[in-house]
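I opened this entry to keep a record of what I looked up, residue by residue and element by element. The notes follow the order in which I went through the structure.

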Amino acid sequence: MPTIIALDVSLSMSRPIPNHSTSTGGSGSSSSENVLTYHQLAVQGVNYVLDYLTKHARLEFVSLIVYSSLYEVLVDFTRDYDTIRQSLHKIEHYDKTSLENVLVAVNNAFKTHWGSQNYCQIIFITDCGVGLGPSSLKNTIINIQTYKAACVAAAAAATAAAATDGSKLAAAVIGGGVSSASIPQPSENQWVGFSYPSKLSFMCLGSLATDSAFRCGTKLYQQLLDVSGQKGQLFIPRMKMKHEESAGDEASAITGDDGEDMLRQLTRTSALEAFETMCDINYRQFEATLRCGGYFRLEDPITVWPAPLPYSARDLLGAETTKLMSRRLEVCGFLRMADIGSPMSVSRHLILPRSITTTPGSSPEQLEGGKANGGMKNGHVHSSAEERLEADIKSFYSKSDTGEHHQHEHEHHGLEGADVNKESVCVLLHGALKVENMAALVLLGDNWYGFIYSYADGKKKWNLMLNVLPPGNDVVPWLGDLRYLGTLEDAFQGENPSFPIKADKRSYSQTIVVWIRQSSLQSDIQKVLRHAKKLPEKTQHFYKELNRIRRAALSLGFIELLEGLAHIFEREISTLPLSASPDCSMQLNHAAMELRKTSNRDLKSIIHALPTQYNQLG
C-alpha cells in the first residue's frame with residue numbers, strides 16, 4: 001500500500017508559530033533565534049510518520065513531494081526512509097499555495113508507477129493555505145461543482161434520449177447508468193478526484209482559536225473532500241489544558257468557563273499527537289488468527305499485510321453490499337497448484353507471524369484457563385462447547401510435570417522464550433506448501449474464500465501469500481462449488497476426481513497465447529526476430545509466429561504492440577550484418593508496412609510473405 005507525502009513549502013510555512021520557541025527558557029537566549037516555524041514542525045511530523053512506518057509497516061513504499069504554486073518530486077517511491085530524512089534538510093521555500101496542481105501531479109505519479117487498481121495513502125502536510133487567483137482552492141471547488149453538474153446533465157440527457165427506445169433504456173438500467181462516451185472528460189490540469197482507490201489525509205497545522213485564516217482554510221479543505229467525494233479526513237491539533245502540556249512547550253493561555261487554563265496556540269506536542277492519531281487510523285495492522293486442523297486445531301496469531309480493504313459490490317438493482325474479512329482464517333483443505341490455475345482475485349497479501357507479549361507473572365496454564373472460562377482468545381470469545389473443550393485439552397498437555405520446571409517457566413517466561421519454544425503454524429504451513437507445491441483453501445468469512453501458498457519474489461525470498469478471491473462459493477469455474485470439495489476417499493467407484501477434466505478431442509489446433517508476465521511477451525517477440533534473421537529459410541515460420549502475435553494483440557485490444565513490432569522490425573533492418581540475405585530486409589520492411597495498415601486490423605486477415613527471387617514464392 002504505497003504512501004505519498006506532500007509537504008507544503010509555500011512562504012506561509014516559514015512563519016514562526018506565535019508565542020512558541022524551541023528555547024528552554026535559559027537566560028540570555030534570544031527568542032528570535034530559537035523560534036519554531038510551521039515548516040520545522042511539519043518536518044518533525046514527517047519524521048514521526050517515517051519512524052512509525054519503520055516500526056509497524058516497514059514494507060511501505062513512500063514518496064516525498066513538495067509543492068507551492070509548482071511541485072517537485074524529491075524522493076520517488078522507496079523503502080529507504082533514510083533517503084527521505086536526508087532530503088528534508090534540502091528543502092527551500094517558494095511562493096503561494098496551489099493545491100490543484102499537486103493533486104493532479106499526485107494522481108499522475110501514482111498511476112505511472114502502480115496503475116489504477118492499487119490502494120494509496122496520500123498525506124498532505126500544510127497550514128491550510130487556500131492560494132490566490134485562478135489557482136485558489138475556492139476556484140478548484142467551483143470547477144469540481146461545475147464538472148459534477150455537467151456530468152449529471154449529460155446523464156439526464158442520455159437517459160431522456162434512451163427513453164424513446166425501450167431496449168436502450170433497459171440496457172442503460174441494467175448497465176448501471178449511461179455510457180462513458182456521454183460523460184464529459186475533465187481537462188488535463190483539472191482535478192475531480194483520484195482515479196484509483198485512495199485515502200486523502202490533510203495534516204492541518206494551526207490553531208482554530210486564534211487564526212481566522214486557518215479556520216477559513218479548514219472549512220474549504222473539508223468542502224473539497226465533500227464536493228469531490230474523495231475519501232479522506234482532516235487532522236487538526238486539539239486544544240489542551242495547560243497542565244497537560246510539557247514544560248518545554250510555551251504558548252499563550254486563556255481561562256475557560258470552568259477556570260482551567262487552555263492553550264490557544266499550536267504546540268509541538270499537540271501537532272505530533274495529531275500525526276500519531278493519523279498513523280493509528282491509516283496504518284493499523286490487520287491482526288488475525290490462522291487456524292488449521294480438525295479436532296485438535298493448530299493456530300497462530302498472524303498479521304495480514306497490507307490490511308485487506310472492505311469488499312463492496314453492486315447487484316443488478318444497484319444495491320451495494322460491503323463485506324469485511326474475518327479475524328479468524330480457517331484452513332479448509334489443500335489443493336495442488338496445477339489444479340487451481342490462475343483464478344480472478346481481489347487482492348494479494350503477505351502473511352507474517354505475530355508475537356503476543358505476555359506478562360512475566362502469567363503461565364501458559366493461566367492464559368489458557370482464562371481464555372477458556374469466558375475470556376477472549378485472539379479477539380474472539382469462546383462461545384461453543386467444542387472450543388472450550390479444545391482449550392482444556394491444550395491446557396492439560398501444556399502443564400509441566402514437576403513444580404520446579406513450572407517455577408522455571410515462571411521466571412524465564414517472556415516474548416523471546418515463547419517464540420523459541422513455541423511451534424509456528426506459519427513455518428509449518430509454509431514448508432509443507434513449498435515442498436508439496438500445493439495451496440491451502442482458507443475460509444475468510446461468510447461465503448468468502450481464498451488461497452494460501454508459498455511465493456518467491458525476484459530475490460529468491462520465499463513468503464507466505466494470501467490470494468483473496470471474490471466473495472462466493474462458485475468463483476473458480478473449473479473447481480465448482482468450493483463448499484463441496486472433498487478428498488480422494490470421497491470419490492465414487494470409477495470416478496475420476498482429477499483436475500482439470502480433459503476432453504476426448506481438443507477443440508483447438510494451437511496453444512493459446514498468454515501474456516500474464518512481461519517475460520512471456522518478450523519471449524514471443526524474440527522468437528519472431530530469430531526467425532527473421534534466418535530468412536529466407538524460415539519465411540513460413542516467421543509469418544506464422546507474426547500472425548499468431550498479431551491475432552492475440554487484436555483480441556486483447558493491444559494495438560500499441562503492432563506499432564511497436566513495426567518499429568522493432570525497422571530497427572533490425574539497420575542492424576543486419578553484411579552476410580544477411582537481402583530477402584531479410586525486404587521481408588522485415590514488408591511486415592512493418594502490413595502491421596501499420598488499418599485493413600489488417602481484422603482478426604480474419606492474414607499477413608502473407610512478400611514474393612521475391614530469394615524465397616521463390618512468386
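I take contact to mean heavy atoms within 4.5 Å. The model I am reading is predicted.

**Ser 10 and its surroundings**

With that cut-off I looked up Ser 10, and, leaving out residues up to four places away in sequence, I found that Ser 10 touches Tyr 67, Ser 68, His 93, Tyr 94, Asp 95, Lys 96 and Thr 97. Ser 10 sits in the loop between strand 1 (3–8) and strand 2 (16–21). Is Ser 10 buried or exposed? I noted a relative accessible area of 1% for Ser 10, and because buried means under 20%, Ser 10 counts as buried. I also noted a polar contact between the side chains of Ser 10 and Asp 8, at 2.9 Å.

**The nonpolar cores**

I turned next to the largest nonpolar core, which has 50 residues, and I asked which of them touch the most other members. These are Leu 7, Val 49, Ile 125, Met 203, Leu 205, Met 278 and Phe 451. At least two residues of this core come from each of strand 1, helix 1 (38–56), strand 4 (62–67), helix 2 (81–87), strand 6 (120–126), helix 7 (268–282), strand 19 (438–445) and strand 20 (448–456). Helix 1 gives the most to this core, namely 9 residues.

I followed up Met 203, and, not counting residues up to four places away in sequence, its contacts are Ile 123, Phe 124, Ile 125, Thr 126, Phe 235, Ala 274, Phe 275 and Met 278. There is also a second, separate core of 30 residues, and I list Leu 103, Val 104, Phe 194 and Leu 234 among them.

**Aromatic pairs**

How many aromatic pairs does a search of the whole structure find? The search gives 12, and I wrote down two of these in detail.

I found Tyr 67 and Phe 124 in an edge-to-face pair, with 5.6 Å centre to centre and 65° between the planes. This pair links distant parts of the chain, since Tyr 67 is in strand 4 and Phe 124 in strand 6, 57 residues apart. Tyr 67 is buried at a relative accessible area of 1%, and Phe 124 is likewise counted as buried, at 0%.

The other entry is Phe 77 with Trp 114, also edge-to-face, at 5.7 Å centre to centre and 85° between the planes. Here too distant parts of the chain are linked, with Phe 77 in strand 5 (residues 71–78) and Trp 114 in helix 3 (residues 99–114), 37 residues apart. I noted that Phe 77 is buried, with a relative accessible area of 14%, whereas Trp 114 counts as partly exposed at 25%. Phe 77 and Trp 114 belong to one aromatic cluster, together with Phe 61, Phe 110, Trp 191, Phe 194 and Tyr 196.

**Strand pairing around strand 16**

I checked which strands pair with strand 16 (residues 347–353), and I found that strand 12 (residues 298–305) runs antiparallel to strand 16 and is joined to it by 4 bridges. Val 304 has Ile 351, in strand 16, as its bridge partner. Strand 16 also pairs with strand 21 (residues 462–468), again in the antiparallel sense and over 4 bridges, and there the bridge partner of Arg 348 is Asn 467.

**Backbone entries**

I looked at the backbone last, with a reminder to myself that most residues other than glycine have a negative phi, and most peptide bonds are trans.

The peptide bond from Trp 305 to Pro 306 is cis, with omega near -10°, and Pro 306 lies in the loop between strand 12 and strand 13 (311–314). I found another cis bond from Leu 535 to Pro 536, with omega near 5°, and placed Pro 536 in the loop between helix 14 (518–532) and helix 15 (539–556).

For Cys 128 I noted a positive phi, near 65°, in the loop between strand 6 and helix 4 (137–162). Cys 128 counts as buried at 3% relative accessibility. Asn 447 has a positive phi as well, of about 60°, and is found in the loop between strand 19 and strand 20.

Notes. Residues are numbered from 1 along each chain as its sequence is written. This is a predicted model: local features need pLDDT of at least 70, side-chain atom pairs count only at pLDDT 80 or more; totals for chains, interfaces and linings use all residues. Side-chain values use heavy atoms; hydrogens and water are left out. Buried means under 20% relative accessible area, exposed over 50%, partly exposed in between (1.4 Å probe, protein chains only). A polar contact is a pair of N or O atoms within 3.5 Å; within protein, one must be able to donate a hydrogen and the other to accept it, and residues adjacent in sequence count only if both atoms are side-chain atoms. Two strands pair if DSSP finds at least two bridges between them. A nonpolar core is a set of buried Ala, Val, Leu, Ile, Met, Phe, Trp, Tyr and Cys residues joined through side-chain atoms within 4.5 Å. Rings of Phe, Tyr and Trp (its six-membered ring) pair if their centres lie within 6.5 Å; planes under 30 degrees apart count as stacked, over 60 as edge-to-face and the rest as tilted.
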